[in-house]
Amino acid sequence: MGSPSIFSLSGRKILVTGAAGHLGRALCEYFVSDGAIVFAVDLNEKGLASLKSELKPTEGSFFPFATDLSDKEQRAGLVEQLGALTESLDGAVFAAAFVGSSDLEGWAVDFADQSVSTWRKALELNLTAPFHLTQLMEPFLSRGDGPSIVNIGSIYGAIGPDWSLYQGLDMSNPAAYATSKGGLIQLTRWLASTLAPGIRVNMVSPGGISRGQEATFVERYSHKTPLARMATEHDIVGQVVYLLSGAASYVTGQDIMIDGGITAI
């Protein structure tokens with residue numbers, strides 16, 4: 001018999017927010033297939049039901065929670081529900097966020113039209129929720145086995161947008177998105193230092209992920225990127241698995257750019 005993989009998540013209890021979204025679904029699919037116990041959180045109750053149906057998990061390996069993570073009380077309620085199922089967590093992935101394509105008023109529009117109320121909503125979900133959930137779940141994680149938190153960021157938390165990519169297209173890059181992801185980088189470092197040595201905290205920052213964008217944008221973005229293509233969800237999954245696993249036991253406070261090299265030039 002060979003040695004167990006240092007990347008294995010088998011038997012590990014992992015919470016995933018934004019579980020019904022593009023990346024969240026891909027993460028849950030991998031985690032369940034690798035034998036993890038998944039606590040899947042999303043506002044989209046139908047999306048969670050669809051995900052569970054597609055995954056066909058074994059009994060006791062997948063627990064959905066329909067929760068509005070932009071609501072402080074619902075975040076507290078989620079953790080209370082979690083406590084009825086488990087005393088510990090081995091990992092948490094915070095993927096829930098308003099993204100550039102989210103359908104919000106005053107969001108993916110010209111700077112002059114971006115609204116303060118939507119800015120606040122974005123910061124609440126994208127930045128405050130990971131802070132508050134980490135605070136609430138610290139006791140669970142502290143009882144876990146090599147516990148690890150992975151925040152999902154973006155290259156736009158570290159660099160400004162290249163507006164030539166969007167010229168003439170019905171697409172944009174909201175200020176609140178970039179700002180919330182930039183704040184998440186520093187929150188990751190702060191938490192890594194504060195929760196050490198017991199809990200590791202890292203972040204992955206994807207570049208543009210292919211999700212049916214207009215062909216002109218895909219062509220422009222791919223031309224700008226050294227690896228000459230946009231990312232897929234599965235390009236991101238492997239790095240998250242690494243950070244959750246024993247293979248990254250000496251890694252904390254890091255932000256891994258998964259961007260095809262676009263921030264290297």
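1. Helix H1 (22-33), strand S2 (37-42), H5 and H6 each contribute at least two residues to the lining of the largest pocket. Helices (H or I, at least four residues) and strands (E, at least two) are DSSP runs, numbered from the N terminus. H1 gives the largest share of this lining, 3 residues.

2. This is a predicted model, in which local features need pLDDT of at least 70 and side-chain atom pairs count only at pLDDT 80 or more, while totals for chains, interfaces and linings use all residues. Residues are numbered from 1 along each chain as its sequence is written, and side-chain values use heavy atoms, with hydrogens and water left out.

3. The largest pocket holds about 1300 Å³ of space. A pocket is an open set of points, on a 1 Å grid over the protein atoms alone, where a 1.4 Å probe fits, with protein on both sides within 12 Å along at least five of seven lines; lining residues have an atom within 4 Å of a point. Grid points are joined across faces, edges and corners, and the volume is the space filled by probe spheres set on the points. Of the 47 lining residues, Val 99, Gly 100, Ser 101, Ser 102 and Arg 211 lie nearest the centre of the largest pocket. Its lining has 24 nonpolar, 17 polar and 6 charged residues. Here Ala, Val, Leu, Ile, Met, Phe, Trp, Tyr, Cys and Pro count as nonpolar, Asp, Glu, Lys and Arg as charged, and the others, Gly among them, as polar.

4. The second largest pocket has about 170 Å³ of space and is lined by 16 residues. Nearest its centre lie Gln 114, Trp 163, Ser 172, Asn 173 and Pro 174. By class, its lining has 11 nonpolar, 4 polar and 1 charged residues.

5. There are 5 salt bridges in the structure (a side-chain nitrogen of Lys or Arg within 4 Å of a carboxyl oxygen of Asp or Glu). One of them pairs Arg 75 with Glu 124, with 3.0 Å between the closest N and O atoms. Arg 75 lies in helix H3 (residues 72-83) and Glu 124 in helix H4 (residues 116-142), so the pair ties together parts that are 49 residues apart in sequence. Arg 75 is buried at 2% relative accessible area, and Glu 124 is partly exposed at 24% (buried means under 20%, exposed over 50%, partly exposed in between; 1.4 Å probe, protein chains only).

6. Asp 162 and Lys 224 form another salt bridge, the closest N and O atoms being 3.1 Å apart. Asp 162 is in the loop between strand S5 (148-152) and helix H5 (175-195), and Lys 224 is in helix H6 (residues 215-224), so the pair ties together parts 62 residues apart in sequence. Asp 162 is partly exposed at 24%, as is Lys 224 at 33%.

7. Arg 211 meets Glu 233 in a salt bridge (2.8 Å, N to O). The pair links distant parts of the chain, 22 residues apart: Arg 211 is in the loop between strand S6 (200-206) and H6, and Glu 233 is in helix H7 (residues 233-244). Arg 211 is partly exposed at 35%; Glu 233 is buried at 12%.

8. H7 has 12 residues and reaches 17 Å from its first C-alpha to its last, close to the expected 16 Å (1.5 Å times one less than its number of residues). Its buried residues are Glu 233, Ile 236, Val 237, Val 240, Val 241, Leu 243 and Leu 244. Seen down the axis of H7, these fall within an arc of 160 degrees, so they line one face of the helix; the arc is that of the directions from the helix axis to the C-beta atoms.
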